[in-house]
Number of protein chains: 2
Amino acid sequence: MENLFWIGFAGALIAGLFAWMQAKKVMTYSEGTDRMKKIAASIREGANAYLKQQYTTVFKVFLVVFVILLIMAFATGGKMLSKFTPFAFVTGGVFSMLAGFIGMKIATASNARTAQAASESLNKGLRIAFSSGSVMGFTVVGLGMLDITMWYFILRYACGISDPVTVGNIMVMNGMGASFMALFARVGGGIYTKAADVGADLVGKVEAGIPEDDPRNPATIADNVGDNVGDVAGMGADLYESYVGSILATFSLGAIAGYGFRGMLLPLLLAVVGIICSIIGSFLVKTKEDATQESLLKSLRTGTYTAAVLAAVVAAPLTYVVLGNWGVYIAILCGLVGGCAIGYFTEYYTSDTYKPTQELAAASETGAATIIIGGISLGLKSTMVSILIVAAAVLLSFFCAGGGESFNMGLYGIGIAGVGMLSTLGITLATDAYGPVADNAGGIAEMSGLPDEVRERTDALDSLGNTTAATGKGFAIGSASLTALALLVSYVDIVQSNTEEVLDLSLTNPLMLVGLFVGAMLTFVFSAFTMSAVQKAAQSIVVEVRRQFRSIPGIMEYQADPDYASCVSLCTKGALKEMVAPALLAIVVPILSGLILGPIGVVGLLGGVSVTGFAMAVFMSNAGGAWDNAKKYIEAGHHGGKGSGCHKAAVVGDTVGDPFKDTSGPSLNILIKLCSTVSIVFSGLILTFNLMQLL
Amino acid sequence: MENLFWIGFAGALIAGLFAWMQAKKVMTYSEGTDRMKKIAASIREGANAYLKQQYTTVFKVFLVVFVILLIMAFATGGKMLSKFTPFAFVTGGVFSMLAGFIGMKIATASNARTAQAASESLNKGLRIAFSSGSVMGFTVVGLGMLDITMWYFILRYACGISDPVTVGNIMVMNGMGASFMALFARVGGGIYTKAADVGADLVGKVEAGIPEDDPRNPATIADNVGDNVGDVAGMGADLYESYVGSILATFSLGAIAGYGFRGMLLPLLLAVVGIICSIIGSFLVKTKEDATQESLLKSLRTGTYTAAVLAAVVAAPLTYVVLGNWGVYIAILCGLVGGCAIGYFTEYYTSDTYKPTQELAAASETGAATIIIGGISLGLKSTMVSILIVAAAVLLSFFCAGGGESFNMGLYGIGIAGVGMLSTLGITLATDAYGPVADNAGGIAEMSGLPDEVRERTDALDSLGNTTAATGKGFAIGSASLTALALLVSYVDIVQSNTEEVLDLSLTNPLMLVGLFVGAMLTFVFSAFTMSAVQKAAQSIVVEVRRQFRSIPGIMEYQADPDYASCVSLCTKGALKEMVAPALLAIVVPILSGLILGPIGVVGLLGGVSVTGFAMAVFMSNAGGAWDNAKKYIEAGHHGGKGSGCHKAAVVGDTVGDPFKDTSGPSLNILIKLCSTVSIVFSGLILTFNLMQLL
């Protein structure tokens, strides 16, 4: 049965081909008028310039870590660290980078084309934007399959390692590179996009009273660049990391559970099935010309739900043939259903068609303060459902997969539930990545003065994108909680196999409790760093935009062009400067805690960061989404509509929500996995040198 | 040595006498002019009326719980629950209620007197307000000593129980009643005070542009009533619960650690020493007439630090004589020093004499959104120091008290560190409780038209109160984290002693992980409930104040009196309606989790709620304090001063911070202990009936 691993390559090939076809389809379209081409080129330029500088910075950090890993691996003759680790680390990083980069390339090529297509019909606009999203979605899963299968074959056949536990443990370290790259991309991109967005809104909308994406606003190009480097490149790297991380963690647990290589084959085949089902689903995404927002959403949902149901059906015989265990199939179902449920409730809390966001909009009647309090309490409250779903998924998948008899078999169930949740990532990511393209298309339509009906169509597409983006974040964080638990157990297993002493992992152990506290601290401080980074970068944009309005005469009368490039470069500088500290936190804190508290403290830290990171991520994403849509709800004419006191209050809410939902919140799911993989990679070091040994 | 327990009564007597002397001193002062008397009477009336209704509601809930406990205890012949528990529960509740009630009585009697004294001199104002605070401080510690010593003598001599573990385990249940009462008082009072405050500010200050405490504002009396029922009665009950909880948890751990009754004697004697040192310290609190804010703060600090140093000195021989273990003395020092350090850093993050709050004030330059983002990130960042201090205190006190050899001896160290932290509560609470009195005095001065210099003096006293209040909250939450860990271990010990099966408390156990998630959820949802309660109640006040301004002609011209009573009654209704749900959460969630997940899940829940509750409490208190002081910093003339755009932005921040720092934040320290004691009380039930047994 082991020969079936080549199917991983086939999956990668299929995904790659489909992505290529979609990209070709997009590229045959026209980019529209000269003005549209010019604007699209500026956005492309800004995004390329930013990514180039980001990759340069990240390259340096990666080089340092790579050298440290090399020394650890080769100086100790592979005792403290496997010799494959430094290379697995780099591969993970490069693939994660590629996932984001390709997504960004296609997105910046599709934005003007989407605007042009939308000027012909709504359905054409949807198809182009969705095709662009599909390129990203299938690139991510294709690269993931390639990375995983390649390493598997290298380890198994080029190096001849026959012990599944060893293979699993080496491969899981690949995840550290992917997570590290993803964290830079999410945090850097997140700071960039929100600094530009907040800066543009605060001066343009609030002070000068000009509309969103108005060409007179000096920060408007930076804002559109931000959509691409944050919401596209950042998200691509992020979900690459989630996808690969969930599969690799399950590889490692499969080996520990005694399933041997079959335990690894199952998640791989499941992923390939997911790719094919996602392709089928994506053919179902289309709409009629008189589409309402509901029917647009319905067409996207038809695609994703069909893919999920198909995957669920095929997974049954597959699981039975590979493992002969129906319980594991139930675990996969838990993941699929849990993911959809989290997605649904995310929508419930953040969409203005439901009560919570409508009530939040009503809180604007008594001013900015009450809508802020209301949004924070909505976000905090919304953690309940997500946590209950994850709790149910964990327990069900654990016990159904046989956790009652064999602890490790149960844990494999938790891991495979995470893989199930992300198996149809190809299409869920496509629906998610289409949002920023539609958003950019709207910006280009506005800036190049296309007729109002075009802007209305792109707005319809964009507003839907907010909902799918929230759902996508729900999947990312939901799967992260399962993967993080799986990685936590891998860590314990690796440490325990390298020491004679039996670790006391009891919660009442003070080292464990202190670890839990430090984990919570890491979540809180990381969120603080990313939020204040946005605030600082945004303040510099505010100052610059105000300066331009003041010192360049004729901007307001369309007689002079603002200096777009200065805002683009300020955002780039701000993001690069501020992204390093939070990313390093995720590496330094686990290692330092380990050196002081020993491995038990690290287990506590991983538990603490997983639990609080999950809760904070849900809180921040949902509060931010609800504020955004409450503002849109008011703009649609409720509570006095645009320009009213309520609208002003809602804009404050939306601005506070920006870093919540697009910087701090979505970075947390990467943080919790990066902490785990860092701990795994440095487990040898920590086991050898730690203060607690001296006591 | 056991005879020395009578010293507990002596301590209660000394504290009571001192409180009585201070009360007498306050009452000899005049209440000032007729108008002042009238206003003071209205505040007193409102506060009495609210507390009466609050106690009625709480009485009903207590009755239900009491009956349930009675049935559990007597129907099972004491097997599932000790027969003493229902009565211990009620006593704890009554004493906690009394602590808050007496504090409120003296505070409402002192406010006009303080205003009158301040009209004579600043020093006299300080002395009266501080004496009033002292009555509260020493009432709390005196009642605590009485409660604890009484129960000890009943169990030991009236009932003849000679096993220290049994005595410890029964006494710890007393804490459940105290915590439950305290939660109602904190949450109910917190909702009341912030609904009134937010409502009064939003319409009065922001919309109508009249100053704080202006007699034309219909919500102004309600606002002043709120200070008494929330910041005084709520805080009194809260700190009673913290004080008694820390001592009782240590009683229980002392017995488990094998120290026998001597392990209980030490915390008791330490508390008595703390009372005497606090009395000595409080004689040192005085100031000169030309006092600046720094010299006022210095005079309060001289008192508290002297008391702490004296207590530290006396504790050394005491610990050695009672236990013969120097390590335990170091644990006590850890508590004392840790408490002072948390207090200091709380001040650093929230006082406008330091950089963080000054930078926060600067964030108002770019509007309300950036000051909100800045405050949230400041609060999140500030958790770092507090968590590191608690982590260091936990590890040091554990290992110094002998945790390396005997696990339980180490845990006793953690418990006694909590007692050390609160040993000088008499004086720290006095400095804390003096704040609301000074605040009310300022309100009365404003409403009764006393000369500006009087208002300036009361403002100086009040602004200092903000700092001491933040420090007080630091002590409450710092000690709560230590007490919660001690209670967690007591729970495990009680459960383990009642079952044959060895509990798998490993963090990798999925039941434990799910418990952790549920604990985090409880913290988040509880915070959401309390915040939205304030928001709802405040919105009703806003509507009412707007209605009065509109429909009562002549209010603005001082020709007609507003209807104060309607705001008072709206606040009362709102607080009573909204306080029950969050308080029940704290009881229902642990029991329900236990019935589903079994005792292991409960341990996880207690760990989760302790860690996230601590981090959230620090975050919320510090963010709220910093917003408040950033506003005051701007009002002092920075960034454009009063009425500027920056000031408006800062008022939004302050309003968001109100429920953070006075409702949700300070309730969390009670929540985490109530969860523990509820779990202990219902441990028999959960052990007998839980779903996991069926698997």
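Me: How do I read the handedness of a helix crossing, and which hand do H1(A) and H4(A) have?

Reply: Look at the near helix against the far one. A crossing is left-handed if the near helix is turned anticlockwise from the far one by less than a right angle, and right-handed if clockwise. H1(A) passes H4(A) in a left-handed crossing. Helices (H or I, at least four residues) and strands (E, at least two) are DSSP runs, numbered from the N terminus. This is a predicted model, in which local features need pLDDT of at least 70, side-chain atom pairs count only at pLDDT 80 or more, and totals for chains, interfaces and linings use all residues. Residues are numbered from 1 along each chain as its sequence is written, while chains are lettered from A and ligands numbered from 1 in the order in which they are written.

Me: At what angle do H1 and H4 of chain A pack?

Reply: Axes are lines fitted to C-alpha atoms, for helices over the stretch in contact, and angles run from 0 to 180 degrees between N-to-C directions. Helix H1 (residues 7-27) of chain A packs on helix H4 (residues 122-158) of chain A at about 155 degrees. Their axes are 8 Å apart. That makes H1(A) roughly antiparallel to H4(A). The cut-offs are under 35 degrees for roughly parallel, over 145 for roughly antiparallel, 65 to 115 for roughly perpendicular, and oblique for the rest.

Me: Which residue classes make up that contact of H1(A) with H4(A)?

Reply: Ala, Val, Leu, Ile, Met, Phe, Trp, Tyr, Cys and Pro count as nonpolar, Asp, Glu, Lys and Arg as charged, and the others, Gly among them, as polar. The contact of H1(A) with H4(A) has 14 nonpolar, 10 polar and one charged residues.

Me: How do H12 and H13 of chain A pack?

Reply: Helix H12 (residues 368-403) of chain A meets helix H13 (residues 407-422) of chain A at about 130 degrees, with axes 7 Å apart. H12(A) is therefore oblique to H13(A). Their crossing is right-handed. By class, this contact has 12 nonpolar, five polar and no charged residues.

Me: How many helices and strands does chain A have?

Reply: Chain A has 20 helices and zero strands. Its radius of gyration is 24 Å, close to the 26 Å that the globule rule gives for 695 residues, so chain A is as compact as a globular protein of that length. That radius is taken over C-alpha atoms, and the rule is 2.2 Å times the number of residues to the power 0.38.

Me: What relates chain A to chain B?

Reply: Superpose the copies by least squares on the C-alpha atoms of residues with pLDDT of at least 70 in both. A rotation of 180 degrees with 0.0 Å of shift along its axis places chain A on chain B, with RMSD 0.0 Å. That is the relation of a two-fold axis. A:Ser506 is the residue of chain A that comes closest to the axis, at 2.1 Å (C-alpha).

Me: How many residues of the two chains are in contact?

Reply: Two residues are in contact if their C-beta atoms, placed from the backbone, lie within 7 Å. Here 67 residues of chain A are in contact with 67 residues of chain B. H12(A) gives the largest share of the chain A side, 20 residues. That side divides into 46 nonpolar, 20 polar and one charged. The copies meet through the same surface, because 100% of the interface residues of chain A are also interface residues in chain B.

Me: How does H16(A) lie on H12(B)?

Reply: H16(A) and helix H12 (residues 368-403) of chain B pack at about 160 degrees, with axes 8 Å apart. They are therefore roughly antiparallel to each other. The crossing of H16(A) with H12(B) is left-handed.
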